[in-house]
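Please examine the sequence and the model shown below. The explanation that follows treats strand pairing and backbone geometry.

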Amino acid sequence: MSDNPFVGHWTYRSLLNEPEINTDFNNLEFGRGTIEIIEAPMQLLAGTIGGPGWSLALKGSRAYGSPMQVRFQGTGVVSGEKWIYDYWGSLVPAWPNGVDQRPAIVGSVIRTIPHSGGSPGTVAPAGVVASFYAVRAD
């Protein structure tokens with residue numbers, strides 16, 4: 001058992017920061033995938049994030065505090081293009097009366113460089129910021 005609470009597998013979801021309350025929930029999805037955080041030297045973070053057809057190597061840091069925080073960058077080549085995303089998150093503290101509370105990281109993600117969009121001829125622009133949460137899967 002690791003003393004690093006971030007080590008493990010996490011189910012990742014991110015949502016666009018859209019203020020319109022009537023926006024259909026399905027139209028808010030920014031991304032989804034699986035994060036694997038592996039053991040790394042003190043205060044460092046390493047691992048991968050990915051899903052079907054894509055994977056990014058994670059490199060960054062973690063810090064003690066209340067709450068504990070992580071900041072990392074995901075980089076990789078997906079379908080021949082370089083992808084870079086930056087993430088910041090904090091570990092949700094345990095609620096005193098929480099029932100079956102699962103460890104979770106909540107935070108923010110930014111697409112650092114543009115890449116091709118999900119449809120031919122489209123571009124996923126740089127600078128788009130979304131919110132994310134990741135729930136421990138193991």
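The paragraphs below discuss paired strands and then residues in loops.

The structure is a predicted model, in which local features need pLDDT of at least 70 and side-chain atom pairs count only at pLDDT 80 or more, while totals for chains, interfaces and linings use all residues. Residues are numbered from 1 along each chain as its sequence is written, and side-chain values use heavy atoms, with hydrogens and water left out.

Strands here are DSSP runs of E with at least two residues, numbered from the N terminus, and two strands pair if DSSP finds at least two bridges between them. Strand β7 covers residues 104–111 and runs antiparallel to strand β6, residues 81–91, with seven bridges joining the two. Within this pairing, Ser90 has Val106 in β7 as its bridge partner. Strand β7 is also joined by seven bridges to strand β10, residues 129–136, again in an antiparallel arrangement. There, Ala134 of β10 stands opposite Ile105.

Ser79, in the loop between β5 and β6, is not a glycine, yet has a positive phi of about 50°. Is Ser79 buried or exposed? Its relative accessibility is 75%, so Ser79 counts as exposed; exposed means over 50% relative accessible area, buried under 20%, and partly exposed in between, with a 1.4 Å probe and protein chains only.

Asp100 belongs to the loop between β6 and β7. Its phi is near 50°, a positive value in a residue other than glycine. Asp100 counts as exposed because its relative accessibility is 70%.

Definitions and conventions
Helix = DSSP H or I, 4+ residues; strand = E, 2+ residues; numbered from the N terminus.
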